[in-house]
Each structure stands twice: as C-alpha cells, then as structure tokens.
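Please look over the model below before reading the notes. They cover a few local features, grouped by topic.

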Amino acid sequence: MTALAVAFVVAPVVRLSAASSEQAEMAVQRAIRRAYAFSVALWRLVGIFRLDARGLAGLADCGPCIVVANHPTLVDVVLIGSVLEQMDCIVNAGWTAKSPFLARAIEVAGYVRNDGGVAVVEQCARRLRSGRRLLVFPEGTRSPWGSFGKFHRGAAHIALASGAPLVAVAIRCRPRMLGSGRKWSDTDGRRPAYELAIAGRLDPADYAGMTTPLAARKMTDDLLRIFLEEPNLADA
C-alpha cells in the first residue's frame, strides 16, 4: 500500500513542486518516513507489539553516516525509517521484477539498486559526501535464529570511500516475530517487544594506512564484534 501511494500519489505531486531531482527524492523520503511512523503508531495502538526506540535518540544528530543494523525481523527497515527524516537504502533489484509498484516507489525515492556492481559503492559514497544518510543490513537478509548471517563488506567499502562512519544499531525483538520463516502468530501468544539502540560506531580514519581490502575486512570484523558483544542479541 505504501509503495502504491508513493508511486502514484506522492511522486507526481512533489515532482511538480521540486526544483531538482534531489529535492524530489528528499520530499518522497520524508513522505515515506511519515508513512512508516503512522504504520508503527498504528501497530502499537492495536497491540501488535511494544517498542522502545529511546536508544536511537542521538541517531538523527549523527550527520552523514551509514546506519548498519542486525536484521531479526521483516519490519526492521520500517522501525528505523520511522525515526529518520532522510534515509537512503540499498534495495534488492530482484524485488522490482516482482512488483512494478515497488519498482516505481524505489525509483522516485532515489534508493540504490544492488545490481550495479562496484558502481554501487561510489554511488552510495557520493550521497554520503553530499550530506545524506544510508541504511545497510550487512547480512543482506534476515538474521538466522541464534546466530548472525555472514557480514558482507559493502558497508565498510562505502565508509572507506566516503569517509563517513558506520553507526551500529542493535535491534531486539522478544519473542521474535516475522523472523526468517516465521509468521506474525509464531510468538506463543505473547506480545513482541522491540528495543532499538545505538551499539557502537566505527570511524574509517582509524583504518588509515591499510590497503582498502585489508581495511574493509578489519572494519567488517570489528563491526561484527560490536554485535557479538551485545548480550543475547542473536536470540532476540
């Protein structure tokens, strides 16, 4: 429903009033943020889950950065997106083949498709250098139960290319709903409780003097360590 509204209601309106394509993208992203915030408020009101996002209070003040999060449930992007006025995303290009509405929404929001090879890194770095913010799930898909998936090095390469920091966000959901292979109702009758908080920060300047491949590997290892040090995060 959000994709449909963005593609055929929001986008035509903002394109008429925006002075540039970037201003149009920002307007669409603000509309998406409001749609996410409305959805989250509604879900909380009807009792689908509880949410404590007080740990993200400083996220909006981090400036241009790459928000990297674990990915336990299907609605993680909605929860983070509901608190950030501007947030670029890297999206799975395969989604666009399944839904023309979603493809249109991704285009007008200026989100980055993941099928551009190495050009994706420079495309994201250019946005960060212009003051924008990017969300990346380093596992690329939802986290498996009881562990983390393989952390890919894309976020580290983007950080090194742009000079923007990685800000790690820990997402907990107990009991976990909408995890990989799970339904809304797979919670043993309990209401899930989400907790979101900043878990750490990595600055690319701390990896100066290393080759880019070595720095990206070290930065990704350090990122994974941040999440591993969060108590019981993989089980949440």
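The model is predicted.

**Helix α5 and its end**
- Helix α5 covers residues 100–109.
- Its buried residues are Ala 105, Ile 106, Val 108 and Ala 109.

**Helices α6 and α7**
- Two packed helices are described by the angle between their axes and the distance between the axes.
- Helix α6 spans residues 119–129 and helix α7 spans residues 154–162; their axes come within 9 Å and cross at roughly 50 degrees.
- The crossing of α6 and α7 is right-handed.
- On the α6 side, the residues in contact are Val 121, Cys 124, Ala 125, Leu 128 and Arg 129.
- On the α7 side, they are His 157, Ile 158, Ala 161 and Ser 162.
- By class, this contact has six nonpolar residues, two polar residues and one charged residue.

**The loop between β6 and β7**
- Strand β6 covers 166–174 and strand β7 covers 193–202, and Pro 175 is in the loop between them.
- The peptide bond from Arg 174 to Pro 175 is cis, and its omega is near -15 degrees.
- Leu 178 also lies in the loop between β6 and β7.
- Although Leu 178 is not a glycine, its phi is positive, near 55 degrees.
- Leu 178 has a relative accessible area of 7%, so it counts as buried, the cut-off being under 20%.

Methods. Residues are numbered from 1 along each chain as its sequence is written. This is a predicted model: local features need pLDDT of at least 70, side-chain atom pairs count only at pLDDT 80 or more; totals for chains, interfaces and linings use all residues. Side-chain values use heavy atoms; hydrogens and water are left out. Buried means under 20% relative accessible area, exposed over 50%, partly exposed in between (1.4 Å probe, protein chains only). Helices (H or I, at least four residues) and strands (E, at least two) are DSSP runs, numbered from the N terminus. Axes are lines fitted to C-alpha atoms, for helices over the stretch in contact, and angles run from 0 to 180 degrees between N-to-C directions. A crossing is left-handed if the near helix is turned anticlockwise from the far one by less than a right angle, and right-handed if clockwise. Contact means heavy atoms within 4.5 Å. Ala, Val, Leu, Ile, Met, Phe, Trp, Tyr, Cys and Pro count as nonpolar, Asp, Glu, Lys and Arg as charged, and the others, Gly among them, as polar.
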